[in-house]
Amino acid sequence: MNAELRFWKSVDELRRDADDGAAAGRDCFAGQRARTGPPPAVSRRDFLTLAGFGLAAAAAACSRGSVQKAIPMLNQPEQMTPGVASYYATTCGGCSAGCALLVKTRDGRPIKVEGNAESAVFGGGTCASGQATVLSLYDDARLKGPLWRGQPAAWAEIDAHVSSRIAAAAAARKRVVLLSRTILGPATRRLVREWSSRPGFEHVTRDAISYSALRDATRASFGVDGIPHYRFAGASVIVGIEADFLGAWLSPVEFTREYAGRRRPESGALMSRHVHFESGLSLTGSNADLRVPIAPSEQGLVALALLHRIARRHGGFEVPEVDESSLDAEALDEAAEDLWRARGESLVVAGAHDEATQTIVHATNALLGNIGRTVDLDNVSLQKQGDDAAFDRLVEDMAERRVDVLILYGVNPAYDAPDADRFAAAMARVPLTVSLADRLDETAARADIVCPDHHFLEAWGDAEPIARHCSLAQPTIAPLFDTRAAQESLLAWQGRTPDFYEYLRAYWREALFPAQDRYDSFDEFWDHSLHDGVFARSPRPSNEHRFEGDCARAAASVLRARAQRAAAGIGYELHLYEPVGVRDGAHANNPWLQELPDPVSKVTWGNYAALAPALASRLALADGDVVAIEAGAQRVELPVLVQPGQSAQTISVALGYGRTRAGRVADGVGANAYPLAQSSGGGRRYIRTGVRLARTGRRDPLAATQTHHSMEGREIVKQTTLASFLESPAGGADAHADLPNLWAERPRGEHNWGMAIDLTACTGCSACVTACQAENNVPVVGRDEVRRGREMHWIRLDRYYTGSEDAPETLVQPMMCQHCGHAPCEPVCPVLATVHSSDGLNQQVYNRCVGTRYCENNCPYKVRRFNWFEYARNDRFDFNMNSPLGEMVLNPDVTVRSRGVMEKCSLCVQRIQAGKLEASREGRPVADGDIQTACQQVCPAEAIVFGDLADPSSRVSRLSRQQRRYRVLEEVGTRPNVTYLAKVRNA
Amino acid sequence: MASAYLIATFAEPRALVDAVAAIRARGFKIYDVYAPCPVHGLDEAMGIRRSRLPYVTLVAGVLACAATVAFEFYVAVFDWALNIGGKPDNSTLAFVPIAFEMTVLGAGLATAAAFLLRAGLFPGSAPKLAGPPVTDDTFAVALRWRPNAFDTGEARNLLIENGATDIRQMVGDL
Amino acid sequence: MIRFEPRADRSLRLQPRPPIVGNPALGRITDDVARPLDARPGLGWCACFAAAATALSIGVACVAYEIATGIGVWGLNRTVGWAFDITNFVFWVGIGHAGTLISAILLLFRQRWRTSINRSAEAMTIFAVVCAALFPLIHMGRPWLAFWVFPYPNSRGSLWVNFRSPLLWDVFAINTYMTISLVFWYIGMIPDFATLRDRASAGLRKTIYSIASLGWNGSHRTWSRYETLNVILAGLATPLVISVHSIVSMDFATSILPGWHTTIFPPYFVAGAVYSGFGMVTTLLILTRSLMHLEAYITHRNLDAMAKVMLLTGSMVGLAYGTEFYVAWISGNMYEQATFIGRATGPYAWCFWTMVACNALAPQVLWSKRIRASVPALFVFSILVNVGMWLERFVIIVTSLHRSYLPSSWVMYRPTLIEVGTLVGSFGLFFSCFLLFIRLLPMIAMWEVKGAASHAGGTHG
Amino acid sequence: MRAIVLFIAAAVAATSAGLIARGLSRVGVHQGYAPEQPIAFSHKLHAGDSKVPCLYCHSSARTSRHAGIPSVNVCMNCHSMLTKQTVDIERLKEAVQRRQAIVWTKVHNLPDFVYFNHSQHIGANVACRSCHGAVETMERVRQEAPLTMGWCLDCHRTRGAELQRSRQMAWAHADPKAPLPGTDCGKCHY
């Protein structure tokens, strides 16, 4: 191994390294992956000697192992010191939320992304997918350069060809269409506007998962073009209708942050109340104080029933009576009552892809006086500008040969359009199709020319996810491959200088620089914006928005749909949703996300058909039985998951799986459910009625990280209601007065690191799992190994159901090494591979471990993870650690564990050591908050707090003195350093 | 130098014992008795003192035990007192099992070694046989003859009276 | 005063000289025991050995594959860190115990019926301990670093080993047990080697036997020390054998796992060990006596005595099972209770009930003299004992592990073929060793049998 | 006679055992390793005779875990001005022209499971020579220290104690009997 780093002296060298596979990898990045044992050769040699080969062998053993080389840079850039991390502010391209990021780079390689605390909207948190984007940068499936009819080609000739074809088309008054995903960057938006302003040029926007119903409803109701910016921070009562706003809906990080901010029991009456109506058990639903399962077809009905109640209280607003026989009237009354009591600081959100329903919800919010307070229509969200109607027209025109040139930017309709085949067929009828995709995906594979775009970490750019909240994106690494920013391609084909950096600066100079008065020179402004990453202009003051939507018509259409549903009669309902991990499927080839357990079902690697327990037992189906879901002409085969809380007649299926051309990780994982969606009335509907279910007789066991769902009456997650908490805050906490110590306390060191986790704040979003994986080089083990119960995650989210199967309460508990003061794992290790540090850490010394697994057996929390195989550079585990490119993401400060050793949460000891080092360099004590663990830093809900328990004034000490505090399995006498704060429900 | 022996063989252990007793009663010195198996009562008849092996066992055991305990304390308390599950450095009870095992091991090996040394049993050492069958089915008494030691004739008669099946003289060393 | 003159005995030779007559009873013993060693192996033996060797090679293959690829080829997971490996370990250690018990404890109690079987019992002990010692080694994630468990001086700045770890106790216990048993066994064979040496005609065998017999010449002075030594070794082996299985049981007893954390484990394990050990001895002896035609030595008396021991220890084991449940119930510890309810009703209940049937109920039939007298019945029973005792260890280890404190980590464990193959291999190793032993070494302690015979009343031994 | 044979046998066994042990204790220890370098750079000349401070070339040792090998531009800082020419300097300049990095052979190799941070030690005023020996006297750099864990710990126990004391005076609220943070496994192994 090469312990010294090698630095590429130029981008070209780096490109070459990245290209010519393993060899380059070994030189270039081996230093990044320390091993726990001596390199195999050496260890085998030592072993033989020690196995008694006597003098000769012993002598041989004294000869040297492999000679190690060190290659310094030819010219070392000023700002870069080998081995020292630097951070760059940029904007996340993971989804359309456009969170502001800080990217940690080591020796020129981005290795970790964090939230950018500068951003008032997103804060320091991120989501799981955001964390994983850094791995997508090192995805082997990415194109290494432009392709022309599948063959590598030079940019110049491609540009020449495309420009000429475009010119020709323009001359011939033919149509040149740019089909793109929602464009978040204002600069790019202007670029595209310039592009499509010319005659014959068009721009059609389309999102993998449509939100146009919400847009249309907003336009119709308030005359505002955009998606309302929901402000959960202002909402003390939240009613959700099938909107997974903590999981995947619009801007989960922002919403989680604001939502959790109102879930602090200590604030008493200020703690928000959350009622949720949904069919499948979503992350958001699992957090609701009151969750009501409904059939997907009832979304509109629920909205209408709510509006009806609100309107009755409000008066002067006519809403037709509805037949509520199928609904839970009591829950509706309760929700309405709460909403009404919290007029002006309540919020109703609906995920329905149905304009009528959204209109009704808008009306409800309007009646409640939430407009301008929790529903911001003046600084709207600019995400999800997709226009389904326009897209349908486009496909029509393509089929009719009315489109001459089609440029695809950030879209993959051949995979995620409900009628993908139709699109593919139409695509074949377009004379020239150019894709800007970063890989040869389902659509790009059908394109004549592929001009790969940069990964967002390689590119310049900006974003304005919410009106007037701008952020910049800057390259954190020189492009790994011969790719080109999409914007530059567009510029080139307009015959302009392909330099997006200059374009971006120009835009900011003209559009944003004048909008501020802090800096008087643009360069100053630019540098500061670049440094901070965000530039937020003061939001527009909220002005009057009258609701002028047509509620009656909406109600009518809801009732019509209801009638149709009733007419359809038998058959199940289907509910398609965007999962938390791979989201709309764009991230599917990311092993971290594939292995991320679904926050609720805990299933990894693929989607499934979620059935209600009652239904499953009626059909005699169990987890893993493969069923065929037939909707219209479409048929999809999926394994069954028996999901408590699932609405009785509904099947929930996640989108985003079943990729066929995403890369070796994602291809063939799960089944593609997009075809099951229907496009009706110019909009996508992700629900279906009259769905048939057929058993196939096959079995496909799910890869779930948790297979037992009851707490068995054990006090593992403590829970109470707000009312009872407020009257006796201590609750049961004092029951666990400190247990007597069998032995004299050992002298303690300078620190005593510990953690406090607020179970009320934690939503279970699982971002911490991915963050930990990225920070600590946790390997991906794949579907089979997860099935065998061998996932390696250092932190997991235990999820328990309590109450009835049909409407369970869900409890979530982040569980990682508790760093017990009296750790049961330590005395049993024969070789002292796990011992206690002077500052309260339970240390695992990989290179001393011989792998008896006794510690794992004796750990009551079962948080220890064993390296059953060599997970790095092993073709059995063909994930990121098996490719020189994927290895670039590894954290050089953390050992890559070799086969046969135990590992577990170290409380990010590398961060602790770094923090202590920095403090001592500056000759000061470590201050509270200096050191953050990866899981703490990523948590958008700020549920995890790490710190020094030896310092009574530290935040963690204060929290672990709180009345909600308790320690898991305290009665076993392990004396954990991790404290939990009991879950409080506002019920 | 080679010396001469008078060897009487017996088929019956009891006869052997009687003969040995009788001969010693007459003041003859028994050089040794050879048997395919331990013969009870012969110790008394020959007047062999109790073996001192048990003392070896005791001493070795005590030493081994002491050494082990000392080492365990040195390692766990003095050399590097690590915090292992918050347990005290001197977890005496935990040291007992190994101390015990080492005691047994030390005592056992020492005793066996002492026996082999004392009995002069080494790999490759040639056996001095009073006659092949003594390891199979016969018992033998050996009297060593030195000038003026005793009257051979008398010894012969005595042995024959006591049921010796055969009497030979042998020159060599046993 | 008479001078000794050689002429005198020349005159002796004139008299008719009676031939040297030994004790026919003792001679027969020698012949009976030594005959098989000279004879060519019988068909039965060859068949058995072929089978054993095959099993052994399967095991070798499995272990090689496992060490080359990783423990992952076993069915273990994040929750169940031990299963077949440690089950086999405890099982084999247990088997070993009967040998020591027969050779040492019964020697101390002067049980003469043991003389004909103690040699093979000791051999069995050693082979069993070899099999046992194999598993802690191969169950390690990095077996090539196994030597780290020994406290040897190193360059790591006084980083020794953890004397608090029961696994380390195991290391010392097993090694001591192995060594002492070997010494005891070898010392016991020295006189018999001498006998064989003196029977053998010049040649390789004679040389081997003469080296092995260390120049033994049957001197009674040596015999008398020899007996003292045997008593001492027996006296050491007796507490040793008890300590060994107590320590093995402490691997579990000192943990905090419900179902493991129990103070009755040491006695319970020792009883179980003796029970299983005697089961295995019975199996082997019944096989050998028919294979090597030693019915005259391995008599019904032996079998009957062993059956009685099994009846006793089996009942003790049964009592322990009961006690465990009672303690779990009275402890009021919900985790403990859950574990034991899980054992009796959970997914592995069938293992549990088979175990109860084989270990607690089956021995009760031994109250009947007729069954004790029937060799086939005893053979079947002894097999049951082995099965039951293996399952006991499996139940203790796996049912306690797979559902412990946090239900979120509850999982199932399923063995892989590799694990099964390794188990088969350990049996192969054991039987190969044993079959070689009965071919190459005196499997009955001739000197002891002779001693017993001559003592019991001369020729009619 | 027999005794003598035994004695000799025992002696032979003992010595060979001792030799084997000695051999084994050397496994993986490369004290005294002094490999050939692509350019015969003389530390004696630079650090010794012309007294260039270590940290001038190995500047990142001050701020980074790696002392780092100076990039060629650092060499050229002086050599562009110096007129003296040797074969090696030629090769150096050639490398610069050919824009091709120089492949040095590492002398001090720690196993990859050990985290060592130069800046941390510089910060604690550990002199370079205390680990690297008198480099300024070496024509070709040689590994002076054994670089074994025991060797590290010796210093961590003594120097660590001093540091600890001084720091405690400053602010720490640690028990004086507390173990030294410097001897925690997690100090270097993670």
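In which hand does H8(C) pass H9(C) at their crossing? The first legend takes this up; all the views come from a predicted model.

**View 1. Helices H8 and H9 of chain C pack against each other.** Here you're looking at H8(C), residues 220-253, and H9(C), residues 265-291. The crossing is right-handed. The contact is made on the H8(C) side by C:Ile242, C:His245, C:Ser246, C:Ser249, C:Phe252 and C:Ala253, and on the H9(C) side by C:Phe265, C:Pro266, C:Phe269, C:Val270 and C:Ala273. Two packed helices are described by the angle between their axes and the distance between the axes. For this pair, the angle is about 125° and the axes are 8 Å apart.

**View 2. Helix H15 of chain A has a buried face.** In this helix, residues 420-428, the buried residues are A:Ala420, A:Phe423, A:Ala424, A:Ala426 and A:Met427. Look down the axis of H15(A) and they fall within an arc of 165°, so they line one face of the helix. Turn to the face pointing away from that buried side and you'll find the exposed residues A:Asp421 and A:Ala428. As for what covers the buried residues, the list includes strands S7 (176-180), S15 (405-409) and S16 (432-435), along with helices H13 and H14 (413-416), of chain A.

**View 3. C:Thr69 is a buried residue in helix H3 of chain C.** H3 spans residues 43-69 of chain C. C:Thr69 has 17% relative accessibility, so it counts as buried. A polar atom of the C:Thr69 side chain sits 2.7 Å from the backbone oxygen of C:Tyr65. Leave aside the neighbours within four places in sequence, and C:Thr69 is in contact with A:Phe869, A:Arg876 and A:Arg899.

**View 4. A:Lys384 is a loop lysine with a positive phi.** Its phi is about 50°, although the residue is not a glycine. The loop in question runs between strand S14 (375-381) and helix H13 (388-399) of chain A. A:Lys384 counts as buried, with 11% relative accessibility.

**View 5. A:Lys602 is another non-glycine residue with a positive phi.** For A:Lys602, phi is near 65°. Find this lysine in the loop between helix H20 (591-594) and strand S22 (603-604) of chain A. Buried or exposed? A:Lys602 is buried, with a relative accessible area of 3%.

Terms used:
Residues numbered from 1 in each chain as written. Chains lettered and ligands numbered in written order. Predicted model: local features only at pLDDT ≥ 70, side-chain atom pairs only at ≥ 80, totals over all residues. Heavy atoms only, no water. Helix = DSSP H or I, 4+ residues; strand = E, 2+ residues; numbered from the N terminus. Buried < 20%, exposed > 50% of the residue type's maximum accessible area, 1.4 Å probe, protein only. Arc of directions from axis to C-beta. Contact = heavy atoms within 4.5 Å. Polar contact = N/O pair within 3.5 Å; in protein donor to acceptor, adjacent residues only side chain to side chain. Axes fitted to C-alpha atoms, helices over the stretch in contact; angles between N-to-C directions. Left-handed = near helix turned anticlockwise from the far one by under 90°.
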